[in-house]
Amino acid sequence: MDSVITTTEKPTDGTANPDIYVIAAHPAWRESRVNRPLMEAARALPRVQVQDLYSSYPDYAIDVPREQAALERAQLVVLLHPIQWYSMPPLQKLWLDDVFSYGWAYGEGNDDEGHGKGRALQGKDLWLVATTGGPEDSYHPQGYNRYFFDAFLPPYEQSAALCGMRFLPPLVLHGAHSVDRQTVASHVATFSQRLQSYPDWPELEDLEQCAACVVPMKDRLVEHEATTDAVRAL
């Protein structure tokens, strides 16, 4: 069995009050040297809820209301995954496409009760915890990846900004295929300590909150137009 970890639901009787939601995505947990122990470390913490996407959604059918409810409870949202083709694994991308929907995660207008739409994630923090197969020096203009690793972060940063979230400095371990066990253990310990101490991170003191980027409705295809266009395409 490649994956044995599923969503960790915390009790609601006052013994735990999870305010951190870790979305873990790895297509082959059996082969994972770093992401799996990171996920297991997160599961051991009472304030953390862990979602293993590939175990929970093997058919790629995302339970959007369930995911949005978990995000609404959280203050820190953690994307935990290996970097694949300079981006996130495919199920993680589908999760983002489905769950960060217009009118909920971003956008304009009001709902039937007059409350603002597109603000469900505003004021929350987004933290990328990632691993790469290539060593750090491969992410260099003279290396085979040709760019510093920061060059691949704008899609994450702007996704956060569009939703009014604060994008926190990522935690990245390079060369995950080849680093020694002590390096892995030290990295896992750092990850666990950061989760436990959030939001008391020194570097966050000067990190400003991000105002949501308002996307006007005219830039989106409204539902009836989408339906009409779909019919025309048949």
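This is a predicted model: local features need pLDDT of at least 70, side-chain atom pairs count only at pLDDT 80 or more; totals for chains, interfaces and linings use all residues.
Local features are described where pLDDT is at least 70, side-chain atom pairs count only at pLDDT 80 or more, and totals for chains, interfaces and linings use all residues. Residues are numbered from 1 along each chain as its sequence is written, and side-chain values use heavy atoms, with hydrogens and water left out.

The protein chain contains 7 helices and 6 strands, where helices (H or I, at least four residues) and strands (E, at least two) are DSSP runs numbered from the N terminus. Along the sequence these elements follow the pattern β-α-β-α-α-β-α-β-α-β-β-α-α. Of the 234 residues in the protein chain, 46% are buried; buried means under 20% relative accessible area, exposed over 50%, and partly exposed in between (1.4 Å probe, protein chains only). Among contacts with a separation of 6 or more, 77% join residues 24 or more positions apart, a contact being heavy atoms within 4.5 Å.

In soluble globular proteins, nonpolar side chains tend to be buried together. A nonpolar core is defined here as a set of buried Ala, Val, Leu, Ile, Met, Phe, Trp, Tyr and Cys residues joined through side-chain atoms within 4.5 Å. The largest such core has 36 residues, and those with the most contacts inside it are Leu71, Trp95, Phe100, Leu121, Tyr156 and Met165. Two or more residues come from each of β1 (20–24), α2 (53–56), α3 (64–73), β3 (76–82), α4 (90–99), β4 (125–131) and α5 (154–162), with α4 giving the most, 4 residues. Leaving aside its neighbours within four places in sequence, Leu71 is in contact with Tyr21, Val77, Trp95, Val99, Phe100, Trp104, Leu121 and Lys124. Another core, of 29 residues, lies apart from the largest one and includes Val34, Leu38, Val129 and Leu171.

Charged side chains also pair up: the whole structure holds 5 salt bridges, each a side-chain nitrogen of Lys or Arg within 4 Å of a carboxyl oxygen of Asp or Glu. One of them joins Arg47 to Asp19, with the closest N and O atoms 2.8 Å apart. Arg47 sits in the loop between α1 (35–43) and β2 (48–52) and Asp19 in the segment before β1, so this pair ties together parts that are 28 residues apart in sequence. Arg47 is buried, at 19% relative accessible area, whereas Asp19 is partly exposed, at 22%. A salt bridge between Asp125 and Arg166 (2.8 Å, N to O) links strand β4 with strand β5 (residues 166–167), the two residues being 41 apart; both are buried. Asp97 is partly exposed at 45% relative accessibility, and Lys93 is partly exposed at 38%.

Finally, there is 1 cavity of 30 Å³ or more. On a 1 Å grid over the protein atoms alone, a cavity is a set of points where a 1.4 Å probe fits but cannot get out, and lining residues have an atom within 4 Å of a point. Grid points are joined across faces, edges and corners, and a volume is the space filled by probe spheres set on the points. The largest cavity has about 30 Å³ of space and is lined by Pro18, Asp19, Ile20, Tyr21, Gln49, Ala70, Arg73 and Ala74.

Key. On a 1 Å grid over the protein atoms alone, a cavity is a set of points where a 1.4 Å probe fits but cannot get out, and a pocket is an open set with protein on both sides within 12 Å along at least five of seven lines; lining residues have an atom within 4 Å of a point.
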